Structures are given as structure tokens and as C-alpha cells.
Amino acid sequence: MITFRNVHKYYGTFHVLKEINMEVGSGEVVVVVGPSGSGKSTLLRCINRLETISEGELIVNGSSLTAKTTDINRVRRDIGMVFQHFNLYPHMKVIDNITLAPVKALGVPPKEARETAMMYLEKVGIGEKADRYPSELSGGQQQRVAIARGLAMKPKIMLFDEPTSALDPEMIGEVLDVMKTLALEGMTMVVVTHEMGFAKEVADRVIFMDEGRIVEQAEPERFFAQPEAERARVFLSRLI
Ligand code: ADP
Ligand code: MG
């Protein structure tokens, strides 16, 4: 579903991604970890071309993101993204936050979009909040709305950028539970997170980044038990 081949990216003269090689297969859950500033968000944002790459090749769902013939809107349609700060529209009810893109971007009839939205709201456990405004919900509930909004576009890939980092500790579990369910259902997911419990339990593969490089890629059992890279060892030891 996602292939990075020798990808480099610069912000001006700053070399933010260096020689990135990685693959994410259909149904795989890849968790990206690493210190702040190591390029995790940039890596994720390249996948739906919120950022463009400077060198190399990036193929998403069969389309090369650098090819002139690629319709980026078509590619983006298959990718949902969930951010640290929910990014819900504050002036719109929960249900309207979810139906907006399907109606406007996909041309789904409003009634059908509402039914689909309700289905996903039930799925994330907050069907009763459909007519509330985001500010009337807890952080954990808002993030679950954001996930439902992503799912309502019926994506093939979901990207998560520190989805629980802005949440109070007691709300982290409810969001991780939704993500775990998605993973078990076979969604292709790339997740940037500091929740090592989630990585251990749900990831098929853990990618450790440092200073713009993928320093280590491994199955979680191996990564957490015996990280090969010294920098990964230091990173993990600081978390405990
Ligand atoms: P992470 O998500 O791992 O914390 P980021 O991908 O956000 O890392 O950032 C990696 C590096 O790139 C950081 O040093 C950051 O300051 C820098 N950076 C991020 N976005 C930009 C930008 N738009 N312009 C210039 N530098 C940026
Ligand atoms: Mg980040």
C-alpha cells in the first residue's frame, strides 16, 4: 500500500528525511516512534502529500506521488488522517463534521452520508453525541469523532499523528481501543505514538526514527526486548 524508496526531504537547506526506505503492506499496522524532531510527522505527511518529497520515490496505493499524471485528490481519497489536536470544525455539530467531506468531496447524498456517519459514531461508541458541538465533548470523545470522520470517507489507509498526546491520561485508553479495533479489522495503519503498550500489542512492525533516518525496523517483540541500535536503546530507557 505504501512504499518509500530512497526518499529524502529538505525544508530549505535542512535535511529532514534521509534515505527513507519502508513498505507498508495491506492490512499492516506500522508504529513509528522516535524522539521529538526526528521527522515522524513529516514522514506521515508525505504519504498524503501534505508535504512533498525532494528525492526518491513514494508510491501509495499503486500511484507514484511524484508522477505528473497522478491525481493527488484521488490518492488522498483513500487516506484518512487523525491529528493530535482533533481539528474538528467547532461551529458544526458532530454529525455535520462527519458528513461534510463525503457530501462535498465524494458527492454522497446527504441522507446516506448521515446514515454512514451514525454507523461510524456508533462504532466509536458515541452515537448519542451526533447533535452536540465539539466543545461539548471531552477530548477523548472529540478524537473518536475525528476517527469516525476519517472512516466515513471509507479510506484504505489511516494515518495517526500522536492521536493521544493531547488527551488527559484517563481518555487515552478509549481512543487506543478504537484504533485497536480498526487494526484487528484489517485497516492499513501508520501510527506515530509514544504509547509503547499500543505498539507492543497492536503493531506488526515498529519503526524507530532519529535525526531524519529510520534507524531500526523490527517486530515489536524484538524491538522492545533487544533493540539493536544504541540510539533506540537510549530512547527506550528514557521512557521508563
Ligand atoms: P517529529 O514529528 O518527529 O517531532 P517533525 O517531522 O515534526 O518531527 O519535524 C522534524 C524536523 O523538521 C524538526 O527539526 C522540525 O523543526 C523541522 N520542521 C518541521 N516542519 C518544518 C517546516 N515546515 N519548515 C521547516 N522545518 C520544519
Ligand atoms: Mg510530530
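A pocket, as the word is used here, is an open set of grid points where a 1.4 Å probe fits, with protein on both sides within 12 Å along at least five of seven lines. The structure shown in these views is a predicted model.

**View 1. The largest pocket of the predicted model and the residues that line it.** The largest pocket has a volume of about 620 Å³. Its lining is made up of 20 residues, and those closest to the pocket centre are I79, G80, M81, A101 and M153. Two or more lining residues come from each of helix 2 (72–77), strand 6 (79–82), helix 3 (94–106) and helix 5 (139–151). Which of the elements gives the most to the lining? That element is helix 3, which contributes 5 residues. By residue type, the lining of the largest pocket divides into 10 nonpolar, 6 polar and 4 charged residues.

View 2. Although I98 and T188 stand 90 residues apart along the chain, their C-alpha atoms are separated by 21 Å.

**View 3. A cluster of aromatic rings.** There are 3 aromatic pairs in the structure, and ring pairs link F208, F223, F224 and F235 into a cluster. A pair of rings is described by the distance of the centres and the angle of the planes. For F208 and F223 the centres are 6.2 Å apart and the planes make an angle of 35°, a geometry that is classed as tilted. Because F208 belongs to strand 9 (residues 205–210) and F223 to helix 8 (residues 220–225), this pair ties together parts that are 15 residues apart in sequence. How does the pair of F223 and F224 count, given ring centres 5.2 Å apart and planes at 80°? The angle between these planes is over 60 degrees, so the pair of F223 and F224 is edge-to-face.

View 4. Are F223 and F224 buried or exposed? Both of these residues are buried, and F223 has a relative accessibility of 0%. F208, another member of the cluster, is likewise buried, with a relative accessible area of 0%. A lysine also takes part in this view, since K200 lies over the face of F224, at 5.1 Å from the ring centre.

**View 5. Helix 1 and the residue R49.** Helix 1 spans residues 40–47 and is mostly covered, with 6 of its 8 residues buried. The buried residues of this helix are K40, T42, L43, L44, C46 and I47. Helix 1 is followed by R49, and the phi of R49 is positive, near 55°.

View 6. E19 has a phi near 45°, a positive value in a residue other than glycine. The place of E19 is in strand 2 (residues 14–24), where a relative accessibility of 45% makes this residue count as partly exposed. The phi of E211 is also positive, at about 50°, although E211 is not a glycine. E211 is found in the loop between strand 9 and strand 10 (213–218). With a relative accessibility of 54%, E211 counts as exposed, because the cut-off for that class is over 50%.

View 7. T181 is found in helix 6 (residues 169–184) and is partly exposed, with a relative accessible area of 37%. T181 and A199 are 18 residues apart in sequence, and their C-alpha atoms are 14 Å apart in space.

**View 8. The span that carries a record annotation.** An unreviewed UniProt entry lists residues 2–236 under "domain: ABC transporter". In the predicted model, the end C-alpha atoms of residues 2–236 lie 27 Å apart. The span is 38% helix and 26% strand.

Methods:
Residues numbered from 1 in each chain as written. Chains lettered and ligands numbered in written order. Predicted model: local features only at pLDDT ≥ 70, side-chain atom pairs only at ≥ 80, totals over all residues. Heavy atoms only, no water. Phe/Tyr/Trp six-rings, centres within 6.5 Å; stacked < 30°, edge-to-face > 60°. Helix = DSSP H or I, 4+ residues; strand = E, 2+ residues; numbered from the N terminus. Buried < 20%, exposed > 50% of the residue type's maximum accessible area, 1.4 Å probe, protein only. Lys NZ or Arg CZ within 6 Å of the ring centre and 35° of its normal. UniProt positions renumbered as here; feature names shortened; annotations may be inferred. 1 Å grid on protein atoms, 1.4 Å probe; cavity = no way out; pocket = protein on both sides within 12 Å on 5 of 7 lines; lining within 4 Å. Points joined across faces, edges and corners; volume = space filled by probe spheres on them. Nonpolar A, V, L, I, M, F, W, Y, C, P; charged D, E, K, R; others polar.
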